[in-house]
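My entries are below, in the order I made them.

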Amino acid sequence: MKQKDIYILGIESSCDDTAAAVLHNGKILSNVVANQAIHAQYGGVVPELASRAHQQNIVPVVHQALAQANIDKKELSAIAFTRGPGLMGSLLVGTSFSKSLAIGLNIPLIDVDHMQAHILAHFIDEEGFEKPDFPFLAMTISGGHTQIVSVDDYFKMEVIGETLDDAVGEAFDKSGKILGLDYPAGPVIDRLAKQGNPEAFKFSKPKVDGLNFSFSGLKTGILYFIQKEVKNNPNFIEENLEDICASIQFTIINILMDKLKKASKETGIKQIAIGGGVSANSGIRQSLKDAEAIHGWKTFIPKFEYTTDNAGMIAIVGYLKFLAGSFADERITAKARTHF
Ligand code: KG4
Ligand code: ZN
């Protein structure tokens, strides 16, 4: 029997990206993201400005997603939106827009947890990308998140480790700020690190129990180290930039890999899936590849556009929930902090 055509409109507005995507039975037809350039001059996301930019962007972004998918809004089966976690002012824009559109079109509304979406992005049908089998471990690493999640099924997952302070992307961005690099510094550090010696400088790794992470101490350690060296040699940063970047990146990757190895050992799970903007990092990708040979892991990295904040990942969760008959009440509200 032919599968019924299900079209989901996904909407994401949890932080500083306004995004909309259309999904047809597990396949992405369009995936539009409007980045907010305004934050770069402040060296980080300014919540008030983010909310205002979402209000300006949401209508054109949704229009573009529908146009690129070449479908009319009347053909939509449901609307999936990010309920949380995220910045309240940002979440409210996507939530209220999605509610009104669903009511106007008289179609179901589906609430999506942003962190689950980063993980379930692996289930988007995409040529050349394999989907993990259950159970697997998911590590979500971005400017806002650092988590290790044990995933037993689409909606049966447990956070087994997370950061107690900064996210790993912040560790990259804040280290970059100390070095005078542009925001976001993660990709810049990655590029410079390729020319440097990762063992030129030693930064101490945090001692955190279990599978949790901490990155604020590393940032302070880097700050003190740089201040001390610059006192002796005002040109220290310029003369050693590549080695400093390589050493910082090496330390961060070791912190992530140590916890992943521990999580794999404790759970006996050898399928590892990563997501979030930091999974673009060439060093972490190489370490995961190496771990396949060393530890017998099978690793999964989604297509880059489904890795950073996007609405394709919201739409796939919407689709899975649609199939499960799990819909939201129209009185649902945004939630800045969520747990699953
Ligand atoms: O997922 P994302 O686009 O947005 C959220 O934070 O949710 O992730 C952005 C983060 C930033 O901190 C950025 O510096 C980092 O991902 N990032 C990288 C790389 N590309 C992006 N960090 C290290 N290496 C990269 N190649
Ligand atoms: Zn995210």
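These notes begin with the ground rules and then go through the structure topic by topic.

**Ground rules**

This is a predicted model, where local features need pLDDT of at least 70, side-chain atom pairs count only at pLDDT 80 or more, and totals for chains, interfaces and linings use all residues. Residues are numbered from 1 along each chain as its sequence is written, chains are lettered from A and ligands numbered from 1 in the order in which they are written, and side-chain values use heavy atoms, with hydrogens and water left out.

I took buried as under 20% relative accessible area, exposed as over 50%, and partly exposed as in between, with a 1.4 Å probe and protein chains only. The core has 45 residues, and L179, L181, F215, I252 and L256 touch the most other members. At least two residues each come from β6 (136-141), α4 (168-178), α5 (186-193), α6 (216-232), α7 (236-267), β9 (271-275) and α8 (282-295). Helices (H or I, at least four residues) and strands (E, at least two) are DSSP runs, numbered from the N terminus. The largest share, 14 residues, is supplied by α7. A separate core holds 30 residues, among them I8, I110, L120 and V149. In soluble globular proteins, nonpolar side chains tend to be buried together.

I then checked L181 for contacts (heavy atoms within 4.5 Å). Beyond four places in sequence, L181 meets G176, V188, I189, L192, L241 and C245.

**Helix α6**

I listed the buried residues of α6: L218, I222, F225, I226 and E229. They cover an arc of only 100 degrees around the axis, so they sit on the same side of α6. The arc is that of the directions from the helix axis to the C-beta atoms. An α-helix has 3.6 residues a turn, so residues three or four places apart point the same way. The buried residues of α6 pack against α4 and α7. Exposed Y224 and K231 are on the face turned away from the buried side.

**Ligand 1**

I counted a residue as near a molecule if one of its heavy atoms lies within 4 Å of it. Ligand 1 has 18 residues around it, and the closest are G143, D173, D190, G277 and N281. I looked for polar contacts (a pair of N or O atoms within 3.5 Å; within protein, one must be able to donate a hydrogen and the other to accept it, and residues adjacent in sequence count only if both atoms are side-chain atoms). An oxygen atom of ligand 1 is 2.8 Å from a backbone N or O atom of G143. A polar backbone atom of G186 lies 3.1 Å from an oxygen atom of the ligand. N281 places a polar side-chain atom 2.9 Å from a nitrogen atom of ligand 1.

**Buried polar residues**

Y306 is in the loop between β10 (298-300) and α9 (312-324). Its relative accessible area is 4%, so Y306 is buried. Its side chain makes a polar contact of 3.1 Å with that of E126.

S247 is in helix α7. S247 has 0% relative accessibility and therefore counts as buried. A polar side-chain atom of S247 is 2.8 Å from the backbone oxygen of D243. Its contacts beyond four places include N197, P198 and F203.

Most residues other than glycine have a negative phi, and most peptide bonds are trans. P85 is in the loop between β4 and α2. The peptide bond from Y183 to P184 is also cis, with omega near -5 degrees. P184 is in the loop between α4 and α5.

N25 has a positive phi, near 45 degrees. N25 is buried, at a relative accessible area of 14%. N70 has a positive phi, near 60 degrees. N70 counts as exposed, at 68% relative accessibility.

Notes:
A nonpolar core is a set of buried Ala, Val, Leu, Ile, Met, Phe, Trp, Tyr and Cys residues joined through side-chain atoms within 4.5 Å.
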